[in-house]
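I opened the model and kept notes as I went.

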Amino acid sequence: MVNTSTCSSAGRLRWCGQCLGVDVELPCDLSAPNGDKVNMCRPAEVVWAVSGVDVELPCDLSAPKGVPAEVVWAVPGVDVELPCDLSAPKGDKVNMVLWFRDATGIPLYSLDARGRALSDAIHWANTDEQGKRCHFVIKSSDPRHRSALKITKVVHSDEGVFRCRVDFFNSPTRNFRVNLTMIEPPTTPQIMDIEGNEVMAVAGPYLEGYDMHLSCHVSGGRPRPVVSWWHEGQLVDDVSESLSNSYIINRLFVSTVVRSLKGTYFECRAHSIPSAPPVSRKVAVDVYLKPIKVKIVSPPEMLSAGKSKQVMCESTGSFPPARISWWLDGETIRNAAITTGSSENSTTSTLTLRPDAGDDGKELVCRAENPKFHGTIIEDRRYIRVAYPPVVSISLGSSVGASMLREGDSVTLNCDARAFPEAERITWYHGTVKLPREEGGRVLELRKLSRASSGDYVCVAANSEGATRSPPIYLAVQYAPVCRPGSENVVVGALRHETVLARCEVLADPGGDTLRFSWTYSKAKDVLPVPATRISSHGHVSLLNYTPVVESDFGTLACWASNPVGRQLKPCLVHIMHAKSPDPPRDCGVHNSSAGRLEVVCTAGSDGGLPQHFVLEVRETDRPSDQAQPGARIAPLYRDLGSVPRFLLHSLEPGAEYQLLIYAKNAMGVSEPPVLIQGVRVSISMERLTGKGANGELATIAADYMPDLLVTGLLVGAAVILVCVLLVAIVTVLSCRSKPDSGQQFRLNNMSYPGPGEHLRREKRRSRVSVQDEGGGD
């Protein structure tokens, strides 16, 4: 069978079949989209097939010729959209969308809308690296809102020609070509000054009233960039010149630099396309400004010679801040104090003027000038009037320097007073203490200096114009070491075989590394030195670890210090004694008030060589007949503890009668006997109750207190004597049994020190002081 086909003008395909003898017309839609026309009507290609045999259906994937490519610029690393028009002819719809790259026959991306709405189409992307970054975005069918293939984070390898093929159900296939081109940004603009030097951050400085030249140089870039100048966000110049295809210059010229340009920014921008961010360089403008005004703002007043008077001058408008200089009768005044105000173009200068008698009537000038801008001097002038009080100074009459004096030396101070009229009175001060000297005495003689003589000395001279103090002169008197107050006599309680720390602290000048310490041990009539290896010293402090072993080791340690001035005259004493319970407080006084507050003040007794604290117990006595007998205990209502024997109690009931018990306590026990005060009442009037009156007897205490206290004292005294006898016996027995190993200890006349690497055993460890509420008076 021979088939022939033609396309009629009616848009139908005529098929002539000789075998059948009948002509057949197949419909063909030749309507073209708006603005387009039919180029060719291609008949369908017939492919014959044999049943049961494979067949191939050809498909022409060649791109249509002559379709213009739309250029899309992309910035590396930024998402880009390749447009594709999906608007279908009237009565038709999209069947498939295929995206191809360059001449590749395999689609990069496809959209299958056969048998479904476009919004429900099946998306398929190539599995290569580029395909994974592609996604087709379906937008409105409005041609002005074309759909697009979105490629995320484009790279240079994405550059090329892409083709979008749109197949419709009835209408002819459309093809769109998109040329994806990567932008090549230009180089960062270089800003040059008129001399060809590159400006990095700050342009200038320029002089106020003069011109300014800047040029912006840009090279490279695709497409060709536009170079423009901006000032504070406003376009000022977009006219540039091209020296070559890849080099562009924009020259900025400002004919007159005004004050308002200072601190503002000029920016050079280079951008290839509006959608791409511009490459820019910004520089600040620095301008040197002229001073606008200068004025001596202090009111005109009479000045006194030799007395400081502050005169202030202010200049505004200059940058950098004006340099202010002071002139007196045509000569520069030196050492003027200058301070800069908070404003960057404002300067204030304070002149501390100390004129003399010859300055009366001279002209004082304040001159302001920009140090970076010559020819900008402005001045303010004023005539001054001067009075003349003394000008005073102190000179050292001795050849020895003020810092080289030693204890016992003598020195002479001279008061030099220059005044008109002459000084009438001369007064000397040591620190703030006025020295008793005859009026008018210009010479101060200090004999046999001591360490109390150190300090500042001032001479004050006065005449009818006033009094003037001289600058102080400091005398430093070096002295031999002395004990620091409070460390002259220290008592340390210890147990046998217990190592205690003896501490010695001195005052000395010079001190520090110049101090040398030594210790001695006094027992009976013997004074023995302590080996230096047992002594550790740090600055003004010396420490000694001491371990009493036998009874004779309890005694007195003496600490001596020396420096280049001499040796300590009186040593610091550390008394090593048996640790014992403290002595009772003494001279207890009681104050009560109608407000219900009770204050008890005592004097501390001996602490027994150990830290002690004090206890006050308050007990209530219901009736006079129920007062406690000696040995009886009444449960305390209150118990107050303190490091000093001073107590303040409250909430006592008026009309009730109370009993007070005061005692001291340390690690060895409680003081005996306790101080007992009975018959204490809270009354309206203030009363003072004391443990002992002026005649040594208890005063203002209930009458039955005396016999109770006497009996209690006798019983407690007998108990103390018995305990002491027992302790002496025990110590004697232990001393006889004690046999210290001489190979492990160093002993000096019954004074024992631990040997190297060994610690002596203690017969008894000192327990920590623990204060607890014993309750019930126990």
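**Entry 1**

I started with Asp 587 and asked for its accessibility. Asp 587 counts as exposed, at 54% relative accessibility. The cut-offs I used: buried is under 20% relative accessible area, exposed is over 50%, and partly exposed is in between, with a 1.4 Å probe and protein chains only. Asp 587 is in strand β51 (residues 586–592). Helices (H or I, at least four residues) and strands (E, at least two) are DSSP runs numbered from the N terminus. I then read the backbone: phi of Asp 587 is near 50 degrees, a positive value in a residue other than glycine.

Lys 448 was my next stop. Its phi is also positive, near 50 degrees, and Lys 448 is not a glycine. Lys 448 sits in the loop between β37 (443–446) and β38 (455–463). Lys 448 is exposed, with a relative accessible area of 69%.

**Entry 1: ground rules**

I noted that this is a predicted model, where local features need pLDDT of at least 70, side-chain atom pairs count only at pLDDT 80 or more, and totals for chains, interfaces and linings use all residues. Residues are numbered from 1 along each chain as its sequence is written, and side-chain values use heavy atoms, with hydrogens and water left out.

**Entry 2: the chain as a whole**

I counted two helices and 61 strands in the protein chain. Of its 778 residues, 39% count as buried. I then turned to contacts, meaning heavy atoms within 4.5 Å. Among contacts with a separation of 6 or more, residues 24 or more positions apart account for 64%.

I traced a sheet of six strands. The sheet is open and mixed, in the order β4-β12-β11-β6-β7-β8. Its edges are β4 (69–74) and β8 (122–125), each of which pairs on one side only. The twist averages 15 degrees from one strand to the next. For such angles, axes are lines fitted to C-alpha atoms, for helices over the stretch in contact, and angles run from 0 to 180 degrees between N-to-C directions.

I looked inside the sheet at β6 (residues 94–101) and β7 (residues 109–112), which pair in the antiparallel sense over four bridges. Two strands pair if DSSP finds at least two bridges between them. Leu 98 has Ser 110 in β7 as its bridge partner.

**Entry 3: Trp 327**

I found Trp 327 in strand β25 (residues 323–328). Trp 327 is partly exposed, at 22% relative accessible area. Which residues does Trp 327 touch, not counting those up to four places away in sequence? I listed Thr 332, Ile 333, Glu 363, Leu 364, Val 365 and Arg 367. The side chains of Trp 327 and Ser 325 are joined by a polar contact of 2.9 Å. A polar contact is a pair of N or O atoms within 3.5 Å; within protein, one must be able to donate a hydrogen and the other to accept it, and residues adjacent in sequence count only if both atoms are side-chain atoms.

**Entry 4: two buried residues**

I checked Ser 272 in the loop between β20 (265–271) and β21 (279–288). Ser 272 is buried, with a relative accessible area of 15%. A polar atom of its side chain lies 3.2 Å from the backbone oxygen of Pro 223. Beyond four places in sequence, the contacts of Ser 272 include Ile 183, Arg 222 and Pro 225.

Cys 572 is in strand β50 (residues 572–578). Cys 572 is buried, at 1% relative accessible area. Its contacts beyond four places in sequence include Cys 483, Cys 504 and Cys 559. I also took the C-alpha separation of Cys 572 and Val 506, which is 8.3 Å.

**Entry 5: cis bonds and charges over rings**

I found a cis peptide bond from Phe 319 to Pro 320, with omega near -5 degrees. Pro 320 lies in the loop between β24 (309–316) and β25. Asp 509 and Pro 510 are also joined by a cis peptide bond, with omega about 0 degrees.

Last, I looked for charges over rings (NZ of Lys or CZ of Arg within 6 Å of the ring centre and within 35 degrees of the ring normal). Arg 269 lies over the face of Trp 230, at 4.0 Å from the ring centre. Arg 469 lies over the face of Tyr 429, at 5.5 Å from the ring centre.
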